[in-house]
Amino acid sequence: MSLKDRIQEDMKEAMRARQAERLSTIRMLLAAVKQREVDERIVLDDAAVVGIVDKLIKQRKDSIAAFRQAGRTDLVDKESAEVQVLEAYLPARLSAEQVAAAVGALVAELGAAGPGDMGKVMAAAKSRLGGQAEMAVVSAAVKQALAAR
């Protein structure tokens, strides 16, 4: 079963269980998936759906930070609940050590020699590690690996 199909089934399950908050989050995710499919006239695979989930989680985390700063705990709680629902659709995340090792191997494979090669390494890392690690962690690992060269 594809990830998109699993999300559809979870939506039906949330409807049956009358879980309004979970249902609205899943519907928002499906709307984002369908919007991208319509815009690009393609059928998304699991990797692309994971990318959308990552993007939505990042948006929610940014909102959480802004709401905390404004003292809006009600909205922080709502956004945090949405993040929990969305994280269920992500594959297992790599640890910081695993990301550093993968980036080190990638830098050696590409023959990157310094900070000027950051874009080349990040592009390869995004395609290889996308969905398995947060890009902020990957970026920090790439900077560290390139600074050591």
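How many residues line the largest pocket, and which of them lie nearest its centre?

**Before selecting anything**

The model is predicted: local features need pLDDT of at least 70 and side-chain atom pairs count only at pLDDT 80 or more, while totals for chains, interfaces and linings use all residues. Residues are numbered from 1 along each chain as its sequence is written, and side-chain values use heavy atoms, with hydrogens and water left out.

**The whole protein**

Along the sequence the pattern reads α-α-α-α-α-α-α. The C-alpha atoms fill a box of roughly 55 × 40 × 25 Å along the principal axes. Of the 149 residues, 34% are buried; buried means under 20% relative accessible area, exposed over 50%, and partly exposed in between (1.4 Å probe, protein chains only). Among contacts (heavy atoms within 4.5 Å) with a separation of 6 or more, 57% join residues 24 or more positions apart.

**The largest pocket**

Select Val50, Gly51, Asp54, Lys55 and Met135. These lie nearest the centre of the largest pocket, which 26 residues line. On a 1 Å grid over the protein atoms alone, a pocket is an open set of points where a 1.4 Å probe fits, with protein on both sides within 12 Å along at least five of seven lines; lining residues have an atom within 4 Å of a point. Its volume is about 760 Å³, that is, the space filled by probe spheres set on the points, which are joined across faces, edges and corners.

Next, colour helices H2 (20-40), H3 (46-70), H6 (118-129) and H7 (135-147), each of which supplies at least two lining residues. H3 gives the most, with 12 residues. The lining divides into 11 nonpolar, 5 polar and 10 charged residues. Here Ala, Val, Leu, Ile, Met, Phe, Trp, Tyr, Cys and Pro count as nonpolar, Asp, Glu, Lys and Arg as charged, and the others, Gly among them, as polar.

**Helix H5**

Select residues 96-110. Show Val99, Val103, Leu106 and Val107, the buried residues of H5. Seen down the axis, they fall within an arc of 100°, so they line one face of the helix; the arc is that of the directions from the helix axis to the C-beta atoms. The face turned away carries exposed Glu97, Ala101 and Glu109. H6 and H7 are among the elements that cover the buried residues of H5. Gly111, which follows H5, has a positive phi near 70°.

**Helix H6**

Move to H6, whose 12 residues reach 15 Å from first C-alpha to last, close to the expected 16 Å. Val121, Met122, Ala124, Ala125 and Leu129 are buried in H6. Their arc is 165°, so they line one face of the helix. Exposed Gly119, Lys126 and Ser127 sit on the face turned away. The cover over the buried residues of H6 includes H5 and H7. Gly131 follows H6 with a positive phi near 90°.

**Last stop: Glu82**

Select Glu82, in helix H4 (residues 73-87). Is Glu82 buried or exposed? Glu82 is buried, with a relative accessible area of 9%. Beyond its neighbours within four places in sequence, Glu82 is in contact with Thr25, Met28 and Arg60.

Notes. Helix = DSSP H or I, 4+ residues; strand = E, 2+ residues; numbered from the N terminus. Expected span 1.5 Å × (residues − 1).
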